[in-house]
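The following report describes a single protein chain. Please keep the sequence and the model in view while reading.

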Amino acid sequence: MDSANVERFEANRDRLASLAYRLLGSAAEAEDAVQDTFLRWHAADREHIEIPEAWLTKVVTNLSLDRLRSAKMRRERAVGDWLPEPLLDGDPMLGPADTVEQRESVTLAVLTLMERLTPVERAVYVLREAFSYSHAEIAEILDITESASQQHAHRARRRVAVAHTVSEVDRSSARRIVEAFVDAASSGRTERLVALLTDDATAISDGAGQTRKLLRYSVPEQIASAMRAAFKPTPAKRKLVGGSPAMHAGVINGCPAIIAAIEERVVGVVVLDVRGGKVAAVRGVADPDRLGRVTERWRRRERDDSFIQSW
């Protein structure tokens, strides 16, 4: 392949990756889908491709849908024991963030709720809300009618609407929220943490990859008790992560997050959905298999001072 066609593909890589990530909820799977798209581009008769950007979009979308429909992925996600792979703010895989819809479409709340959608509904939602494709264009990409695209979009919006109440934050407000949450969790007083939670707050954790099922909590007092236990350092926890991590405040998928890191390796993140000034959901990810991309981006950036230097 000549350099011009390689450059044309590379100019689209970040956009394709952000599309695949929204569809798959996994950075690793998204990277694989983009690489497979490159191989298709390499093998294609490009003289018959009128609009390369549209062709690449169609290929990466359908390759992602093939992955969503695969027996392996259905087994992994059928019982709900799955969390989206978190991404650090500034990661190009997060994609467009000019509109509220684009920012919402990449939150962990929306990515989790999109598991309720069929693969086609998920594709229509992402193409429409995050990338502003018309229904005519979506119909061409997915080989469906415009009317079907409109119907899929309507159903998808209805099913993920509950996530649209989550507040957006910047890095400075994220730090205030995170420090207040950790201070309450470390205080030993359950009522302090309960006061920061909404009445319908939920919490979910992957158990650092040590359990087959996700850990779920749905009562504020239960969440507060679990968070108090989680933020209490023990020799066993330090052994599990390989040392005493520093705690940083950051933004993950558009939400305030606690980032635990040992030197340049991220060992865990706790992402907070904020609604009306209170925490509505807590999502903890510490499985090393799901933190590779966050660690990679963490190493490249200038970081704020940790609010806990050694946990």
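Predicted model: local features only at pLDDT ≥ 70, side-chain atom pairs only at ≥ 80, totals over all residues.

Buried means under 20% relative accessible area, exposed over 50%, and partly exposed in between, with a 1.4 Å probe and protein chains only. Strand 4 covers residues 255–262, and eight of its eight residues are buried, so the strand is largely enclosed by the rest of the structure. Helices (H or I, at least four residues) and strands (E, at least two) are DSSP runs, numbered from the N terminus.

Residues are numbered from 1 along each chain as its sequence is written. Local features need pLDDT of at least 70 and side-chain atom pairs count only at pLDDT 80 or more, while totals for chains, interfaces and linings use all residues; side-chain values use heavy atoms, with hydrogens and water left out.

## Partners of strand 4

Strand 4 pairs with strand 3 (residues 246–252) in the antiparallel sense, over seven bridges; two strands pair if DSSP finds at least two bridges between them. In this pairing A257 has G250 opposite. The hairpin of strand 3 and strand 4 has two residues between the strands, and N253 adopts a positive phi near 50 degrees there.

Strand 5 (residues 265–275) also runs antiparallel to strand 4, joined by six bridges. V269 of strand 5 stands opposite I259. These two strands likewise form a hairpin with two residues between them, where E263 in the turn has a positive phi of about 55 degrees.

## Helix 14 and the segment after it

Helix 14 (residues 292–300) has R293, V294, T295, R297 and W298 as buried residues. Their cover includes helix 2 (27–43), strand 3, strand 4 and strand 5. R301 is found in the segment after helix 14. Apart from residues up to four places away in sequence, R301 touches L88, D89 and R171; contact means heavy atoms within 4.5 Å. R301 and R40 are 261 residues apart in sequence, with 33 Å between their C-alpha atoms.

## Two further buried positions

V282 belongs to strand 6 (residues 278–285) and counts as buried because its relative accessibility is 2%. Leaving aside neighbours within four places in sequence, V282 is in contact with F181, T202, A203, I204, M227, V270, V271 and L272.

S149 lies in helix 9 (residues 146–160). With 0% relative accessibility, S149 counts as buried. Its contacts, not counting residues up to four places away in sequence, are V124, H135, I138 and I144.

## The chain as a whole

The secondary structure of the chain comprises 14 helices and six strands. The radius of gyration is 20 Å, close to the 19 Å that the globule rule gives for 311 residues, so the chain is as compact as a globular protein of that length. This radius is taken over C-alpha atoms, and the globule rule is 2.2 Å times the number of residues to the power 0.38. The C-alpha trace spans about 65 × 40 × 35 Å along its principal axes.

Of the 311 residues, 49% count as buried. Among contacts with a separation of 6 or more, 67% are between residues 24 or more positions apart.
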